[in-house]
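The following account is intended to be read with the coordinates open. Please keep the sequence at hand as well.

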Amino acid sequence: MLQVKDLRVRFRTMGGLKALVKGKSDPFIDAVLNVSLSIAPGTTLGLVGESGSGKSTLGRAIMGLTKTTAGTVTFDGQTLIAPGLDRSQEIRAHSAMMFQDPISSLSPRLRVRSLIAEALKIRNWPASKIDAEIDRLLSTVGLPASLRSRYPHQLSGGQARRVGVARALALQPKLIIADEPTAGLDVSVQGELLNLLHRVQKDTGCALLFITHNLSVAQHFCDELAIMYLGRIVEIGSADDVARHAQHPYAHGLFSAQPYPDPRRRRTDIQLTGEVPSLAQRPEGCDFHTRCPKAQPRCSREVPLLGQAVPGADVACFYPETAA
Amino acid sequence: MAVEQSQSTRPQLTARIPEFFKDPVTIFACCIVFAFFFLGFFGEYLAPYKITALDMTHRFGAPSLAHWLGTDNLGRDTFSRVLAGTRVALTVSILAIGASVSCGIVLGLLAGYGPRWLDNLLMLLLDSIYSFPYIMLALAAITLFGSSQFIVVLVVAITTMPTYARLIRTSTLSVRNHEYILAARSMNIGHLQIVLRHILPNVIGPVFILVSMDIPVVITVEAALSFLGLGVPPPAPSWGRMLNDGYTLIRQTPWLVIAGGIPLMLTTLGFTLLGEKLRDVLDPKLQVRRA
Amino acid sequence: MSSKMEMEKNAPVLEINNLSVGFNGARGQAIAVKDVSLTVPPGKVVGIVGESGSGKTTLISAALGLISRQTAEITGKVKFEGRDILNMSERELRAIRGTDIAMIFQDPMTALNPSMSIGTLMTDIQYRDRGVSMTEKRRKAVEMLRHVGIPDPESRLTQYPHEFSGGMRQRICIAMALLGQPRLLIADEPTTALDVTMEAQIIHLLRKLQRDFHTSIVFVSHNLGIIAEICDYVAVLYAGCLVEQGEVDHIFHNPQHPYTKALLACDPALLPEQVTDFPAIPGEVPGPFDRPTGCIFQARCNLAADICRQVSPPLRPVEANHAAACHMAKGI
């Protein structure tokens with residue numbers, strides 16, 4: 001369904017003149033760097049990373065909402081984003097995006113009815129059938145039809161997210177990009193939303209890109225996981241493999257840093273110390289070698305590339321943890 | 001477009017209308033504003049005398065039963081002129097504010113939503129207008145085109161427009177970064193649709209407040225220009241001109257100044273109070289505090 | 001003197017008795033906290049778990065005398081080291097806050113004044129030590145920054161809050177809180193705004209500092225994993241009511257209240273490998289205006305019986321150091 005190859009997103013951090021004055025030769029940062037991934041119809045890829053890892057930027061770049069500097073995006077067999085080519089409209093015409101903050105992603109002065117109708121109209125739904133379709137969509141996501149005339153601020157967090165799903169469904173997408181759809185949601189209601197997304201995917205067979213920082217949700221919800229660090233994917237693979245036998249030291253540290261709700265299994269050590277370096281000061285060599293407990297001299301000179309550092313392994317590390 | 005705006009603000013407003021009218025100050029302000037509009041439309045017909053009726057025998061007449069507010073230097077009935085002056089004040093303020101609000105909204109949206117260079121260009125333009133004193137502009141315009149009501153409206157519209165444009169631009173800049181704009185873009189919704197449906201309704205609120213605050217300012221500016229002889233040309237009755245006529249003889253005939261000043265003061269007070277109340281009701285920050 | 005200290009050693013640092021907080025509004029009284037009793041023993045970490053709307057922030061704010069009596073109706077008793085907090089004057093409260101009781105917050109950016117350098121912030125907070133020289137105050141600041149893991153603290157004193165990352169800022173907040181050598185530290189979701197790896201480091205740091213300084217900590221969080229990591233005792237809050245409390249091991253391994261059980265079941269970290277259906281608690285938390293009579297959790301509880309709809313269950317002991325407010329829980 002979706003194929004991304006060597007995608008790169010560059011941002012300018014300061015104007016050309018200012019950079020010249022400050023004597024900085026490189027006023028750019030790479031928010032996304034040489035990312036390749038693919039999602040098959042009906043499957044879910046989880047994009048996991050800490051803040052600043054570029055996961056949201058990647059999601060937006062795929063939709064053509066952020067300009068890409070290099071690389072290609074192929075959708076449904078057609079290359080629609082490439083250097084000098086921007087046919088991202090065609091991607092957006094068959095995709096839907098869901099956002100982190102449910103209420104702020106719904107236009108505050110429009111009622112639920114208009115919010116969903118807007119999506120239906122853009123897909124050329126016949127005007128006479130819009131009302132019936134809105135009711136059908138609301139019941140699909142488990143909301144009463146009486147909510148049609150509510151404004152976003154009159155909805156609870158869970159309800160607003162369901163409206164978000166209904167609107168995404170109205171777009172009849174082949175691909176859904178969900179950017180932190182469960183962030184800020186209480187665990188007691190989070191499950192309902194995840195189940196709903198599962199059901200939607202089963203019914204429509206769409207591909208799902210699930211962007212999250214919540215490792216345990218990603219592990220259980222997604223078919224595949226990609227771990228991002230400083231704009232690069234450091235490890236990609238089936239969710240169980242990555243979560244249980246992470247090979248990249250960063251992925252490994254990330255999963256071990258997760259608090260486990262059992263006082264008898266408290267962590268006594270921390271594997272990952274320090275913090276994510278700023279994108280403007282990307283380390284030489286491997287991005288992670290400054291924090292890596294296993295760093296070797298080679299790591300500060302060469303950049304380990306996904307699939308090449310260790311042939312056949314989808315991990316960007318010269319010395320991966322051995323798969324058990 | 002105007003219909004859509006009022007529709008979009010209605011729900012929040014209707015919810016707070018009872019509370020809005022509970023305050024006696026608001027009722028007072030509303031009465032003044034209503035009276036202003038009413039007299040603006042019908043004042044001329046209610047006036048006991050024709051405003052141009054000269055009566056040289058009764059020049060500088062003191063207030064009496066026949067002339068409630070006395071007569072002026074040409075023997076015209078001051079009360080009738082005050083009533084009729086409302087229309088001038090109303091016309092000038094409505095036309096000027098209307099023109100400046102619509103231009104301001106369009107330019108503000110363009111600057112806020114459009115590309116960076118357009119923003120820079122428009123801001124440069126608006127800032128230059130903003131820094132230009134309106135008296136100078138009025139003098140220049142009148143020297144070139146002669147004095148007329150149209151020139152007054154034009155001068156006022158041009159000088160107040162940057163305030164609206166900047167207000168809209170600032171809110172647009174913050175609104176365009178909201179997730180719902182991104183959501184709309186991700187749905188392939190066109191830029192015009194985004195601006196009209198998703199941005200405008202969310203930035204328009206403060207404009208209403210500013211308008212009600214600006215109307216008295218415009219009326220005062222019109223009066224000031226007329227006072228200086230740059231405004232509405234005679235024989236049209238303007239409150240500012242009446243002040244001008246009266247102030248040289250303030251010791252002998254104080255009623256002229258009072259007759260011109262009181263309505264000016266009342267209107268200003270009414271609109272300002274209403275504006276402040278509107279701000280209380282519409283300002284989202286104050287709503288939070290109340291909740 | 002020494003006997004007095006001996007006595008204080010085992011007396012609770014903070015004692016909350018039957019605390020209720022209601023806010024008076026146009027629609028009547030909104031009950032935020034109802035009848036909560038909680039004890040914080042010296043040198044222990046007490047966790048308060050609750051989801052949004054559970055009243056955890058209101059509870060600790062009221063307990064610190066931060067809620068004005070003009071806006072809210074507060075009943076019950078709060079004692080800090082035997083002194084009644086709720087009846088203290090603003091002056092007495094100020095003398096306690098920041099020295100005897102310190103707080104750290106969720107958002108370390110807004111908790112630090114952006115226009116002051118770290119050095120100024122850290123020396124200003126020692127304003128109560130009048131006799132102490134500036135150099136001494138700076139030395140103490142540097143020492144504390146080193147303690148919380150800020151590398152090269154001397155040179156960082158001149159930097160401003162925005163020059164630090166979120167994790168570093170939270171470390172600075174912790175350092176500032178500890179400068180007054182507080183006997184009670186209140187941590188309100190201190191890791192919620194941080195990434196997992198930073199969260200792990202801050203938890204690790206708090207645990208270490210708690211051992212070093214022997215400070216009692218009240219740790220508020222919605223994250224069960226974090227609570228399990230750091231707390232000795234846990235209180236579970238639901239819609240302003242304390243539904244279960246006890247030693248951390250009891251709460252996680254022998255939960256008695258249906259809400260605690262459901263909450264634990266919902267935590268994705270505890271899910272088995274293959275899930276097709278994520279567990280959830282159906283329904284919504286009752287709002288502050290429409291609280292039911294009887295048990296607060298009845299509408300979402302699958303054990304709810306008639307008695308639950310009529311009588312509000314009291315907090316009853318179910319085993320040593322463990323109590324639950326449920327009619328269905330087995331008492332002792």
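The structure is a predicted model, and its overall scores are ipTM 0.86 and pTM 0.83. For chain C, the mean pLDDT is 88, with 97% of the residues at 70 or more.

The interface of chain C with chain A may be considered next. It buries about 3,700 Å² between the two chains, and 53% of that area lies on carbon and sulfur atoms. Within the area that chain C buries against chain A, 18% is supplied by Thr197(C), Glu229(C) and Phe278(C), more than by any other three residues. In terms of residues, 46 from chain C and 42 from chain A take part in the contact. Between these chains 2 salt bridges are counted. Asp249(C) and Arg264(A) form a salt bridge in which the closest N and O atoms are 2.7 Å apart.

Chain A also meets chain B. Here about 2,100 Å² is buried between the two chains, 53% of it on carbon and sulfur atoms. Leu65(A), Arg109(A) and Glu118(A) account for 32% of the area that chain A buries against chain B, more than any other three residues. The contact draws 26 residues from chain A and 17 residues from chain B. How many salt bridges does the rule find across the interface of chain A and chain B? The rule finds 1 salt bridge there. The side chains of Glu118(A) and Arg197(B) meet in a salt bridge, with an N to O distance of 3.2 Å.

Leu106(A) belongs to the loop between strand S7 (95–98) and helix H4 (112–122) of chain A. Is Leu106(A) buried or exposed? Because its relative accessibility is 2%, and buried means under 20%, Leu106(A) counts as buried. Apart from neighbours within four places in sequence, Leu106(A) is in contact with Leu115(A), Pro152(A), Leu155(A), Ala160(A), Val163(A) and Arg167(A), and also with Tyr180(B). The C-alpha atoms of Leu106(A) and Arg161(A) are separated by 9.6 Å, although the two residues are 55 apart along the chain.

Gln159(A) is placed in helix H6 (residues 157–170) of chain A. Its relative accessibility is 18%, so Gln159(A) also counts as buried. With neighbours within four places in sequence left aside, Gln159(A) is in contact with Leu143(A), Leu147(A) and Arg150(A), and with Glu284(C).

Met265(B) lies in helix H11 of chain B. Met265(B) has a relative accessible area of 51% and is therefore exposed, the cut-off for that class being over 50%.

Note on methods
Residues numbered from 1 in each chain as written. Chains lettered and ligands numbered in written order. Predicted model: local features only at pLDDT ≥ 70, side-chain atom pairs only at ≥ 80, totals over all residues. Heavy atoms only, no water. Helix = DSSP H or I, 4+ residues; strand = E, 2+ residues; numbered from the N terminus. Buried < 20%, exposed > 50% of the residue type's maximum accessible area, 1.4 Å probe, protein only. pLDDT = per-residue confidence, 0-100. Contact = heavy atoms within 4.5 Å. Buried area = accessible area lost by both parts, 1.4 Å probe. Salt bridge = Lys/Arg side-chain N within 4 Å of Asp/Glu carboxyl O.
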